[in-house]
Amino acid sequence: MQRNELLWVEKYRPKKIQDVVGNEEAKELFVEWLKNKRHTKKAVLLYGPPGVGKTALVNAAANEFGFTIIEMNASDTRSEKAVNAVAKPATSYVALDNFSGSTKSSGNLLFLDEVDGIAGNEDRGGVAAILKIVEESLVPVILAANDPNIDKLRPLKKVCLLVRFQQVRIPLIIALLQKICLLEHVHAEFEALERIAQNSRGDVRSAINDLQSLSETNRTLTLQDTVVLTSRNKDVSMDETLRGFFSAKSVAEASSLLSYSSVDYDDFLLSVSDNLPRRYMDPGELAAAYDFVSQADVFRGRIGTENWHLLKYFYNALAKAAAVNPQSYKPFEFISPPIRVMTLFWTKSRRSMLDAICSKIGVQCHVSKETAKEDFVPYIKEILIKQKKSPLIAYFKFTPEEVDFLIKMSRF
Amino acid sequence: MAATSEEALMWVEKYRPKTLDEVVDLHDIVESLKAFMRNPKTMPHLMLAGIPGTGKTTVALCIAHELFGQNWRSFTLELNASDERGIDTVRERIKDFSRYSRTGFGNIPFALIILDESDQMTGPAQTALRRIMEIGSRTSRFILICNQSSKIIEPIQSRCAIFRFSRLDRQAMKEHLQCIAKKENVKLQPEAAERIVDYSEGDLRHAINALQTASAYREGGIVDEKTVSLVIGEASPMLVQKMIRKALYGDFMEARKTMYDIMGSYGFSGSEIIRQIQREIFKMSDLTPEQKADLSNLIGEYDYRLTQGANSDIQLSALLAQFARFGKSIEESYATK
């Protein structure tokens, strides 16, 4: 199948700046900066909703002006170390290419995509490192973000030229889709393309993707064909899915809902488990429903990372849990965030303390940490409560905090 | 590894037998092992299988003592499969060990590698282990310790002489406890010893720990049944009991919250919790034997699903929901009577 070879979004990625659809002002501002104004601001921050051409513009401009793009995006961890590892060398050797005599190359260009994805913990120091790179860089630095109003990016905004991207206007998208249809020999009704464009809400990328998936099977596209779009594109959130799931009148209804929803099924499984007791007040119903959820979880375990063909059994078992007794359904408030996440988050430090204690016991008594936890901790705890100055403390090399922890450990 | 100079303070360590002759109640196993000791060159890889607290680790350490005497630590690598993450760590440590330890001591041409809780290793890890055993078999002997030999892959089993450890004899346990008590200048009353042996269900480690804790309760040096009951009460998993009771009385939400507490605060895994549930159910005096059997059936089912499923908290929640339904059915059966 030749048509499947390349994603159209890749195939028709703009090669030149003028090919980038819409956002004329932003384009002008950016090009002006890249050509002449780099001395006024060291970096540029492109921001706006997804799929409107931020990355496309950077690629097209680099192509046109002969820059080599060094790119980092959200999938890389942007700790200070990681940023420095990639970005430092890329921004420090501007002069080398100029000496090489090649007239085409203008050197490197550092592109940090999705900078709003820099998250608290993992990317600690990431913002500061980017800031430093911008200050020290000898080559243009371009940042892109979807939401520029995040507090932690504020320091970046001071040193960057801000370029705002907006949703691409519908007629422009339609024109682009028509062009692609022509090149791909797809006969499309104008209304169908209009529908796709409207449905995309100004996101060119998703419009092209929809066009490709709709015309995958045959080369004609009618308005009728676009009917499936609503369900595909409507992003059914976790809460909506849960609500639909728990109020389902039948197994079939629940299971069709599951196949439409785009929520992550691991998250969903946990949420269903969390909320099940609010849905079924009767112990009999709850036990029956939980039995199905348990079966679904067993299928999830068997799926692992490869047996995805088992997914239908997972959905089926889960759907059965929704329809144990449709008559007893009453609307209720959902528990969120997931209980497991909350509990494990709050108790992490306690667990690592206990873990340290158990490995000290394990060393002295030739047992694993698990055995230490089950067979020794309950007794040692009691001995320490009775004898505050027990020689066991020195024997196990417990720290005062650990002794305190053991003594205060609630009975379990 | 523990420093040898220090005197062991946990009684399980202090009174851990140093020679095979001192080992409690394992005559058959000890006799066969002693035959190997007479001509160590013929000793094969060993697998010691059986329930906890019956002396598997002790026997393994005794063998090390008998083979290498005082210097046993230099020729013995002690690894715990459930602590070492992944076969790679195990492989590295074994490789390092066989590189740096002089293989052989006197007329013994090998070093000893004791791998505790080896049934905790995954299938692929065991396959890798088998390879390690093959490569290292000229310079080292393995002693694999496990609870269930069936969880060890066939090729490894066939390379080992297997010894099975069963529940210790009650009388032998009582005698051993009395013997320790005497050395520690503690007067252990016979009923108290009886109670400890009852509670520990053939697990000598539990029994000795209970004895030590009880004598810490009584400075005077007399351990009576009351003290023992107190210790057992304090040392038994209260949260697990609370969780079971809440579920059986129909308060599912509270039961589940307690379960997350146990997992969160103490880091117990699903299978550990389910094992404790099983143990506690049989101690509950207000359930009839039939009810215990029914509950045990439920536990068994979910214990199995736990090994198959992806989320142990979901499986445990489902089990608690079954308990809640079971509790309700008991209530209803009383109401109709």
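How many of the 337 residues of chain B count as buried? The share is 42%. Keep in mind that this is a predicted model, with an ipTM of 0.75 and a pTM of 0.57.

**Chain B: fold**
- On the secondary-structure side, chain B has 16 helices plus seven strands.
- Take the contacts in chain B with a separation of 6 or more: 72% of them come from residues 24 or more positions apart.

**Chain B: confidence**
- The average pLDDT for chain B is 86, and 94% of the residues score at least 70.
- Residues 1–5 of chain B are another story, with pLDDT below 50.
- That stretch, residues 1–5 of chain B, has six contacts in the model beyond near neighbours in sequence.

**Where chain A meets chain B**
- In the contact between the chains, chain A puts in 49 residues and chain B 55.
- On the chain A side, the elements giving two or more residues are helix 14 (265–279), helix 15 (283–303), helix 17 (339–346), helix 18 (348–365), helix 19 (369–386) and helix 20 (392–396).
- Helix 15 of chain A gives the most to that side, with 13 residues.
- By residue type, the side of chain A that touches chain B splits into 22 nonpolar, 16 charged and eleven polar residues.

Notes
Residues are numbered from 1 along each chain as its sequence is written. Chains are lettered from A and ligands numbered from 1 in the order in which they are written. This is a predicted model: local features need pLDDT of at least 70, side-chain atom pairs count only at pLDDT 80 or more; totals for chains, interfaces and linings use all residues. Two residues are in contact if their C-beta atoms, placed from the backbone, lie within 7 Å. Helices (H or I, at least four residues) and strands (E, at least two) are DSSP runs, numbered from the N terminus. Ala, Val, Leu, Ile, Met, Phe, Trp, Tyr, Cys and Pro count as nonpolar, Asp, Glu, Lys and Arg as charged, and the others, Gly among them, as polar. A residue is buried if 20 or more other C-beta atoms lie within 10 Å of its own, exposed if 12 or fewer, and partly exposed in between; C-beta atoms are placed from the backbone. pLDDT is the predictor's confidence in each residue, from 0 to 100.
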